[in-house]
Amino acid sequence: MLRKKFILFAILFLCPSLWANEACLKCHGKAESKIKAAYVDINIISASVHAEIDCTDCHNINPKKKHKGIENIQCGNCHLDEEASYVQSPHMKGRDISAEDIPKCYSCHGGHDILPVNDLRSKTNHINSVKICTRCHEDEDLPEKFDVLPEPTMVIAYEKSVHGQALLIDGKMEAPACVDCHGSHSFLPSDQIDSPLNKIHIAETCGKCHSEIAAEYNESVHGHALSDGIIESPTCTDCHGEHNIQAHLDPDSKVFAANIPKTCSECHTSEKVVGKFGLKPDRIETFKESFHGIAVELGETKTANCASCHGVHNIYPKSDPRSMINKDNVQTTCGKCHKDLPVDFAQGEVHTSASSKESGGKYYVRKFYIYFITIIILGFVIYRILEYKRRVKKVE
């Protein structure tokens, strides 16, 4: 008996929270309580990250008076920075519209069962955190209450994306979850300048994982334009997509070889873009007229597309010595596919149209064949008419 008392005293001495919480556990520590108090399993609390704190550190209540503990949780007493970030987020601000639908701290982290984030059982563990977000954002009823929410289909697309499959199916913990791109407590809508998903910050956000690619992009003509405030310049998501990013070898991917001309055309055939910045509007059409373009239209994936000649993330102006279409590099660029090229192979113009005199021989050859074929057809029609008349006359 003396030994048991010593052990009990040692536990209470080492875990003062159990001593301080004794008053609470008189009611809440019983599975069946006459006063209908919510049951608290001391074993669950003891295994949580909050094992050594008092009940009243979280619940701003007087244990000796009637109370409703869940409505008085004060996480900010300890987590000051997290609370300050959360207060500025749409989750907090959305309470004015529908407080009951807006997540609180315990909605995501849990209650008495909060575990360290690196514990695979933790609700906020990297691989489990997606479930927290999708629990609300895949609810098709919520957009009716909050018109600023993305469509549930957009969120569901993440689970089928290259990122979602890597994390949720393959278990690759380095793959991004929702919070890696959007942020956690301090996430902001993409139209706010400080949001990691604001267009000017997207390359930086993606660069947390894809650092080398982000560095290439930042040096490119697109990256420089965006940093100079040209918001129309494409960034990662314009080419790859957002929640629905697919591997580049997937036929559904925006950057699959056969889809690249269409992806590039979203800007390079846009009157808003080509007109405003003086770009040549015929780049896509002239490509489609070429042997390469026709092959791509027919589904050929090994023929040259826009990225094959201009680059992918490393697109530079033609005048830049690093550019794949710089006059000193064109021979090498074409040589990736065409072996043993003659010295003057790459001297001619590339984006030319047979309907423009600027294309030289291409224009005149086309004109010749148009007239030549037209004359042959007309000659054949005249011949058939004369032949018909001759036979009619012969019959008479």
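Modeller: Two residues are in contact here when they have heavy atoms within 4.5 Å of each other. Helices are DSSP runs of H or I with at least four residues, and strands are runs of E with at least two, numbered from the N terminus. The model is predicted, so local features need pLDDT of at least 70 and side-chain atom pairs count only at pLDDT 80 or more, while totals for chains, interfaces and linings use all residues. Residues are numbered from 1 along each chain as its sequence is written, and side-chain values use heavy atoms, with hydrogens and water left out.

The helix is α13, residues 162-169, in which G164, A166 and L167 are buried; buried means under 20% relative accessible area, exposed over 50%, and partly exposed in between, with a 1.4 Å probe and protein chains only. Viewed down the axis of α13, these buried residues fall within an arc of 165 degrees, so they line one face of the helix. The arc is taken from the directions that run from the helix axis to the C-beta atoms. The partners of the buried residues of α13 are α10 (129-137) and α12 (152-160). After α13 comes G171, with a positive phi near 70 degrees.

Next, the rings. Rings of Phe, Tyr and Trp (its six-membered ring) pair if their centres lie within 6.5 Å; planes under 30 degrees apart count as stacked, over 60 as edge-to-face and the rest as tilted. Searching the whole structure gives 2 aromatic pairs. F368 and Y369 are edge-to-face, at 5.4 Å centre to centre with 75 degrees between the planes. F368 and F372 are stacked, at 5.4 Å centre to centre and 10 degrees between the planes. These two phenylalanines are 4 residues apart in helix α25 (residues 361-395), which means about one helical turn separates them. F368, Y369 and F372 make up one aromatic cluster. F368 is partly exposed at 48% relative accessible area, Y369 is partly exposed at 46% and F372 is partly exposed at 38%.

Last, the cysteines. With a disulfide taken as a pair of cysteine sulfur atoms within 2.5 Å, the count is 0. The closest cysteine sulfur to that of C108 belongs to C133 and is 6.9 Å away, too far for a bond. C136 is in no disulfide either, the nearest cysteine sulfur being that of C108 at 7.5 Å. C108 is partly exposed at 22%, and C136 is partly exposed at 24%.
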